[in-house]
Amino acid sequence: MAVSEQVLATGQQLDTLCINTIRTLAIDAVQQANSGHPGAPMGLAPVTYCLWQEFLRYDPADPTWVNRDRFVLSNGHASMLLYATLYLAQVRRVGKDGEILKELAVPLEEIKRFRQLGSLTPGHPESHITSGVETTTGPLGQGVGNSLGMAIVAKWKAANFNRPGLEIFNYNVYAMCSDGDLMEGIGGEAASLAGHLKLSNLCWIYDHNSITLDGPANWSFSEDVATRFVGYGWNVTRVADANDLEMLARAIETFQKTTDRPTLIIVDSHIGYGSPNKQDTNAAHGEPLGDAEVRLVKKFYGWPEDAKFLVPDGVIEHFHDGIGKRGQGLRAMWCDVYAEYSQKYPELAEQLRFMHHRELPKGWDKNFPTFPPDAKGVATRESSGKVLNALAQNIPWLIGGSADLATSNKTTLKFEGAGDFQAGSYGGRNLHFGVREHVMGATVNGMVVSDVRAFGATFFNFSDYMRASIRLSALMEIPSLFIFTHDSIGVGEDGPTHQPIEQLASLRAMPNLLVIRPGDANEVTEAWRIIAQLKHSPVALVLTRQNLPTLDRTKYAAASGVAKGAYVLADAEGGKPQVILLSTGSELSLCVDAYEKLKAEGTKARVVSMPCWKIFDEQDAAYKESVLPSDVTARVSVEMAATLGWERYTGSKGRNIGMHSFGASAPLKDLLKHFGFTVDKVVAEAHAALGK
Ligand SMILES: Cc1ncc(C[n+]2csc(CCOP(=O)(O)OP(=O)(O)O)c2C)c(N)n1
Ligand SMILES: [Mg+2]
C-alpha cells in the first residue's frame with residue numbers, strides 16, 4: 001500500500017502512521033456522516049495512542065476483564081477517537097450475556113456507518129450499544145463524574161477483595177476531558193471529591209486546546225486550572241505539546257508513581273491538524289471539514305488525498321504488538337493469580353461473579369421487615385432505612401451514601417462492619433458525597449458500571465440538581481438507585497424552596513426510569529423487593545419525611561400488589577365500584593379514609609394504589625382493565641404534586657386533586673387544609689365526579 005511505502009517502518013514512524021490513521025478515520029467518518037466533531041480526535045490522537053499502546057492495562061480480547069484499566073472519553077463529542085481506537089486495537093464485541101464474541105466491537109464497516117440509525121457508532125459513545133465503551137458520555141462533565149465512581153469502586157474492591165499475595169484489583173481509571181468538562185460545575189464537584197478522597201488511581205487528561213465551540217476558550221474561561229487542581233489536592237503535570245509522545249509517557253509514568261493523590265495531566269494541544277505550528281480554523285472543530293479541507297489535511301499528514309477509511313498495512317499489527325500483546329500478557333498473569341484466589345477464597349470469588357452479572361445472592365431478602373398496622377404510622381424514609389439496612393446486609397456489594405443528608409434521608413448503613421468510605425480507608429460502605437448532588441448522580445453511575453449496586457440520596461426537590469446524571473443512567477440501562485426523601489409539601493415549614501411540585505411528573509416522563517412512591521411502610525418493603533431485582537433500569541424511590549399510617553393489610557389488600565405497579569387496595573362490595581380513587585405515597589391513606597366515608601354513606605368506591613406508573617403500564621390489558629375498569633369513568637386522583645399525567649388514568653371525566661402552584665412555608669396541618677388535601681375534599685371531588 002502506498003502509504004506504507006511512503007513511511008519507513010521504523011518505530012517512530014510507525015507511531016506516526018498509527019496516529020494519523022486514527023485521525024483520518026475520524027475525518028472520513030465525520031465527513032461521510034456529514035456531522036460530528038473531527039477536531040478533538042485530530043488533536044488527541046497522539047495522546048490516546050500513547051495511553052492505549054504503552055500504558056493501558058487492557059486486553060482487547062476481553063473488554064470485560066474485571067481488573068482492566070478504565071478509559072473514559074468524557075469529551076464524548078470526540079467519539080470517533082474512541083471508535084477508531086477500539087477498531088485499531090481490535091477490541092472484541094461482548095454478547096448480551098457478557099460472552100466474548102468473535103466479532104469486533106467496532107468493525108471498519110461500522111465506522112463507515114458513523115452516526116447512522118442502528119450503527120455501533122452513535123454520535124456520542126453509548127455503553128449499552130458499543131462494547132468497549134465504559135460509560136455513555138456526551139453531556140460534558142458526566143464522564144469525569146463517572147470516572148470518580150469507577151475510581152472509588154476500584155479502591156473499594158481492592159480493600160475488600162485483595163488478599164495477601166493475591167492482589168486481584170489494582171486497576172487505574174483514565175478520563176480524557178476537555179475545556180467544557182472542566183467548566184461544568186459537575187467537573188469541579190468531581191475533582192473536589194476525588195482530591196478529598198486522595199484517589200491515586202484516578203488520572204484525568206485535560207485537552208487544553210484553548211478553544212470551545214463558540215470561539216477561543218478565553219472568551220469564557222481564563223482561570224488557572226493547574227492552580228485550581230493543586231488546591232483540590234491533585235498532582236498536576238503538564239505536557240506542552242500533544243504530539244510529544246515521550247513527554248506524554250513521562251506524565252503517565254508520573255501518575256502511576258503517585259500514590260497519594262489523583263493526577264491531572266494538562267496537555268496543550270491544537271485543535272485540528274494536530275500540528276503545533278498550524279492553528280487551523282473553526283472549520284476543523286465542531287463540524288465536518290468539507291471535501292477540499294479533507295484533501296489538504298490528508299496531504300499534510302502525508303496521506304493519499306483520495307483514500308477514504310484507509311488503514312495502512314502494519315497499523316493493526318502494530319497495535320497488536322503493543323496493547324494487544326501487553327494486555328494479553330497482563331490478563332494471563334492475572335488469571336493465574338485469580339485461579340489461586342478463587343481456590344483459596346471461593347466465597348469471595350462467587351461474590352465477584354454475582355456482582356459482575358448483577359445477580360442476587362441467596363437469601364437476599366431475608367429479614368425484610370413487615371410492619372404491623374399502625375394509625376400513627378411511620379415515615380416512608382424511616383421504613384425504607386430499615387429495609388435498606390436489611391438488604392445491604394444480604395448484599396455485601398450494596399454501597400452508597402447521601403449528599404450531606406444521610407441523617408435526614410435515613411440512608412446510613414448502621415450494621416456492624418458497614419464502615420465509612422474515606423481517604424485511606426477504602427473498605428467502608430457509607431459514602432459521604434458532601435453537598436454535591438450532581439456528581440453524586442454521576443458517581444453512582446460510575447459505580448454501577450463497575451459492578452457494585454450503588455445508591456445516592458438527597459431531598460426530592462434537589463433531584464433537579466442531578467437530573468442529567470439520572471437521565472444517563474436511564475439511557476445506559478443501568479440499575480442506579482436514587483433515594484429521595486422529603487417528597488412533597490409534606491415537608492411543611494421548610495417551605496416552597498424545599499417542597500417538590502413538578503419533580504414527580506418530570507421524572508415520570510423519563511424513559512426507562514422507574515419512579516416509585518410507596519404509600520405505606522409495607523409498600524416500601526415491596527418497593528425494595530422490586531429495586532433489588534432490577535438489572536437494566538434505574539429507580540427513583542420517593543419517600544416522605546412525615547409519618548403516615550401503616551395500613552391494616554387484613555382489612556385491605558396485600559402490599560405485594562406493588563409488584564404490578566398499581567393494585568386495588570380497597571374495593572366496593574362485589575368489586576363493582578361507582579367511583580375510583582387513585583393515589584400514591586402519603587395521600588394513599590387519605591384516600592382510604594375518604595373511601596370509608598363514602599362507604600358509610602352508601603357510595604361504592606375503590607381505592608387504587610399506584611406506586612409505580614411505569615410498571616403498571618407494562619402489565620397486560622386484562623390486568624389493567626381489572627384495576628381500572630373502563631366503564632367506571634368517575635375517578636379522582638390525589639397526589640400532593642403537579643397533576644400533569646394523571647389524566648391518563650382518570651380520563652376526561654376524572655378529577656385531579658394536586659398542586660397547581662408552589663407550596664408554602666407553614667406547619668403541615670395548615671398546608672393540608674390550605675391546599676385541599678383533606679378527606680372532605682376527596683369525598684367532595686368523588687361526588688362531583690359522580691355528578692352528585
Ligand atoms: C452539558 C453540555 N453542554 C453543551 C454541550 C455541547 N457541546 C459539545 S462540545 C462543546 C464544547 C466544546 O469545547 P471543549 O469542551 O473545549 O471541547 P473541544 O471542542 O475543544 O474538543 C459543547 C458546548 C455538551 N456536549 N454538553
Ligand atoms: Mg477545548
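Reader: Is Lys 597 buried, partly exposed or exposed, and what is its relative accessible area?

Author: Keep in mind that this is a predicted model. Buried means under 20% relative accessible area and exposed means over 50%, with partly exposed in between. Lys 597 has a relative accessible area of 41%, so it falls in the partly exposed class.

Reader: Which side chain does Lys 597 meet in a salt bridge?

Author: Start with the general idea. Side chains of opposite charge can pair when their charged atoms come close. Here Lys 597 pairs with Asp 680, at 2.7 Å from N to O.

Reader: How many salt bridges does a search of the whole structure find?

Author: The search turns up 31. One of them joins Arg 606 to Asp 571, where the closest N and O atoms are 2.9 Å apart. Arg 606 sits in strand E18 (residues 605-609), while Asp 571 is in the loop between strand E16 (567-570) and strand E17 (579-583), so to speak a link between distant parts of the chain, 35 residues apart.

Reader: What about Arg 648, which side chain does it meet?

Author: Arg 648 forms a salt bridge with Asp 617, at 2.8 Å from N to O. Again distant parts of the chain are linked: Arg 648 is in helix H23 (residues 647-650) and Asp 617 in helix H21 (residues 613-617), 31 residues apart. Arg 648 counts as exposed because its relative accessibility is 59%, and Asp 617, at 27%, counts as partly exposed.

Reader: Which residues are linked in a network of salt bridges?

Author: Look for Asp 487, Arg 508, Arg 517, Glu 587 and Glu 639.

Reader: Let's move to the metal. Which residues coordinate the magnesium ion (ligand 2)?

Author: To read a metal site, list the donor atoms and then find them in the sequence. For this magnesium ion they come from Asp 179 (OD), Asn 209 (OD1) and Ile 211 (O), at 2.1 Å. Along the chain, the donor residues follow the spacing D-x29-N-x1-I. Both Asn 209 and Ile 211 are buried.

Reader: And where does Ile 205 lie?

Author: Ile 205 is part of strand E5 (residues 202-208). Its relative accessibility is 3%, so Ile 205 counts as buried. Beyond its neighbours within four places in sequence, Ile 205 is in contact with Val 47, Leu 51, Ala 175, Met 176, Cys 177, Ile 265 and Val 267. As for Arg 238, its C-alpha atom is 9.6 Å from that of Ile 205, and the two residues are 33 apart along the chain.

Reader: Last one: at what angle do helix H12 and helix H13 pack?

Author: For a helix pair, check the angle, then the axis distance, then the residues that touch. H12 (residues 315-344) and H13 (residues 346-356) pack at about 115 degrees, with their axes 5 Å apart. The two are therefore roughly perpendicular to each other. Tyr 338, Tyr 341, Ser 342, Gln 343 and Lys 344 in H12 meet Pro 346, Leu 348, Ala 349 and Leu 352 in H13. By type, the residues of this contact are six nonpolar, two polar and one charged.

Conventions
Residues are numbered from 1 along each chain as its sequence is written. Chains are lettered from A and ligands numbered from 1 in the order in which they are written. This is a predicted model: local features need pLDDT of at least 70, side-chain atom pairs count only at pLDDT 80 or more; totals for chains, interfaces and linings use all residues. Side-chain values use heavy atoms; hydrogens and water are left out. Donors are N, O and S atoms within 2.8 Å of the metal (3.2 Å for Na, K and Ca); water is not among the atoms, so sites may look incomplete. Buried means under 20% relative accessible area, exposed over 50%, partly exposed in between (1.4 Å probe, protein chains only). Helices (H or I, at least four residues) and strands (E, at least two) are DSSP runs, numbered from the N terminus. Contact means heavy atoms within 4.5 Å. Axes are lines fitted to C-alpha atoms, for helices over the stretch in contact, and angles run from 0 to 180 degrees between N-to-C directions. Angles under 35 degrees count as roughly parallel, over 145 as roughly antiparallel, 65 to 115 as roughly perpendicular and the rest as oblique. Ala, Val, Leu, Ile, Met, Phe, Trp, Tyr, Cys and Pro count as nonpolar, Asp, Glu, Lys and Arg as charged, and the others, Gly among them, as polar. A salt bridge is a side-chain nitrogen of Lys or Arg within 4 Å of a carboxyl oxygen of Asp or Glu.
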